[in-house]
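User: I am new to this structure and would like to be guided through it by questions. May we begin with a pocket and then turn to the interior and the chain as a whole?

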Amino acid sequence: MLPRVADSLSFLYLDMVRVVQDDTGVCAQIQVDDHRTDIVYIPTAALSCLLLGPGVSITTRALATLARHGTSVVCTGSGGVRAYAGILPTSLTTHWLEHQVNAWADPARRLEVAVRMYGMRFDAGDVPADVTLEQLRGLEGQRMKAFYRLLAQQHGIGRFRRNYHPDQWHQQDPVNLALSAANTCLYGITHAALLALGCSPALGFVHAGTQHSFVYDIADLYKAEVTLPLAFSLHQSTHPEQDARRKFREELRLVRLLPRVVKDIQTLLDPANRQRDEDDDDNRADRREVEMVHLWDPKAGVLPAGVNYGHGES
C-alpha cells in the first residue's frame with residue numbers, strides 16, 4: 001500500500017547528481033572525486049515531488065519507478081525556469097476531476113469557487129457577503145501591498161517590489177531570489193497534490209491561459225503564510241535560493257501543508273465534503289463505494305462496467 005498524498009513527504013531538491021535505478025531502488029549518485037561515488041537512496045513511494053536542478057541527469061528506469069509511485073517531477077532550469085512532468089497514478093478515479101470540470105464549465109459555479117478562493121485568504125468577517133469578484137481582486141491587491149510593507153518594516157528593508165526576471169536572474173535582490181525558489185517548491189507540492197487527487201492542473205478558476213492555472217490558484221492560498229515571511233527573513237543571505245529551499249522544507253514539518261492542500265482542494269470543489277468528513281465514523285460505512293471504471297448514462301448517471309448490456313442472443 002502506497003501512502004496517501006496527505007501523509008507523504010513534501011519535496012526533495014537534487015542538483016549535480018545522477019539519478020538511477022539499481023537493484024534496491026532509485027538512488028542519487030554523487031561523484032565526490034575520481035575514486036569515490038556516494039549513493040543516497042530516494043524514498044519514491046513516500047515522496048510527493050522531486051525537484052531536479054540544472055545539474056541532474058536521470059535514467060529512464062528511474063523515471064519509470066517515479067511514475068509508478070505517482071511522484072511528480074519538476075525540472076528547475078537555470079534562472080528559475082520550471083518544467084513540470086505530470087504523473088498520474090493508474091489507481092485514481094475521476095471523482096475529483098469530475099467535480100472540477102463541472103464547476104469550471106459552469107460560469108456561475110466557477111465564480112463561486114473563485115470567490116471562495118479569495119475568501120480563504122482573508123480572516124472571517126473581513127469580506128462583505130455581497131462582494132463581487134472585481135472587488136475581491138482589489139481587496140487582495142491592497143492586502144498584499146500592506147503585507148509587503150509590514151514584512152519590509154519588520155526586517156529593516158526599504159521599499160520592496162516583487163520582480164521575476166528569468167533573463168536577469170542573478171541581478172535580483174536576495175528576497176526576490178528566495179521568494180522565487182520557495183514558490184517553485186510550493187508549486188511543485190501543489191502540483192503533486194492535484195495529480196494525486198486526479199485533478200487537472202490546467203483548469204483554473206482565478207488564473208487562466210496556462211497549463212498550471214489551478215496550481216497557481218491553490219498555491220496562492222498559502223504564500224502569505226509560508227513563502228513570503230520565509231523570503232524576507234533571508235534578505236541578508238548570501239545563498240538565498242539554497243537557503244530558501246532548506247528552510248522551506250524545515251518549516252513544512254511544522255505547518256503540515258500537504259494535508260491542508262488536499263482538504264482545501266476538496267472543500268473548494270465540493271463544499272459539502274467538509275461536512276461529510278466531520279460526520280461520525282459510524283455513518284461512513286453507509287457511503288456507496290464508487291467503482292474504479294464505470295459507464296456514463298444520461299439517466300442513471302453511472303452504470304457498472306464489465307457487463308454485457310446486449311439483449312437476447314447474438
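User: Which helices each supply at least two residues of the lining of the second largest pocket?

Analyst: The model is a predicted one. In it, the second largest pocket holds about 460 Å³ of space. The helices that each contribute at least two residues to the lining of this pocket are α4 (133-154), α5 (174-197) and α7 (227-233).

User: Which helix gives the most to the lining of the second largest pocket?

Analyst: The lining of this pocket consists of 20 residues, and those nearest its centre are Y148, R162, Y187, D220 and K223. The greatest contribution, five residues, comes from α4.

User: How do the residues of that lining divide into nonpolar, polar and charged?

Analyst: Asp, Glu, Lys and Arg are counted as charged here. R162, D220 and K223 are among the residues nearest the centre of the second largest pocket. For the lining of this pocket, the division is eight nonpolar, four polar and eight charged.

User: Which residues touch the most other members of the largest nonpolar core?

Analyst: The largest nonpolar core has 52 residues. The largest share of this core, 13 residues, is supplied by α5. The members that touch the most others are I218, F248 and I265.

User: Which residues does I265 touch, leaving aside those up to four places away in sequence?

Analyst: I265 belongs to the largest nonpolar core. With residues up to four places away in sequence left out, the residues touched by I265 are A193, L194, L197, C199 and I218.

User: How many residues are in the other core that lies apart from it?

Analyst: This other core lies apart from the largest one and includes V17, L52, V56 and L66. Its number of residues is 13.

User: Is M16 buried or exposed?

Analyst: M16 is found in the loop between β1 (9-14) and β2 (18-21). Its phi is near 55 degrees, a positive value in a residue other than glycine. Most residues other than glycine have a negative phi. A residue counts as exposed over 50% relative accessible area, and because the value for M16 is 62%, M16 is exposed.

User: What percentage of the residues in the chain do buried residues make up?

Analyst: The chain has 11 helices and 10 strands. Its accessible surface comes to about 18000 Å², with 51% belonging to carbon and sulfur atoms. Of the 314 residues in the chain, the buried ones make up 40%.

Methods:
Residues are numbered from 1 along each chain as its sequence is written. This is a predicted model: local features need pLDDT of at least 70, side-chain atom pairs count only at pLDDT 80 or more; totals for chains, interfaces and linings use all residues. Side-chain values use heavy atoms; hydrogens and water are left out. On a 1 Å grid over the protein atoms alone, a cavity is a set of points where a 1.4 Å probe fits but cannot get out, and a pocket is an open set with protein on both sides within 12 Å along at least five of seven lines; lining residues have an atom within 4 Å of a point. Grid points are joined across faces, edges and corners, and a volume is the space filled by probe spheres set on the points. Helices (H or I, at least four residues) and strands (E, at least two) are DSSP runs, numbered from the N terminus. A nonpolar core is a set of buried Ala, Val, Leu, Ile, Met, Phe, Trp, Tyr and Cys residues joined through side-chain atoms within 4.5 Å. Buried means under 20% relative accessible area, exposed over 50%, partly exposed in between (1.4 Å probe, protein chains only). Contact means heavy atoms within 4.5 Å. Accessible areas come from the Shrake-Rupley method with a 1.4 Å probe; for residues, only the protein chains shown count as cover.
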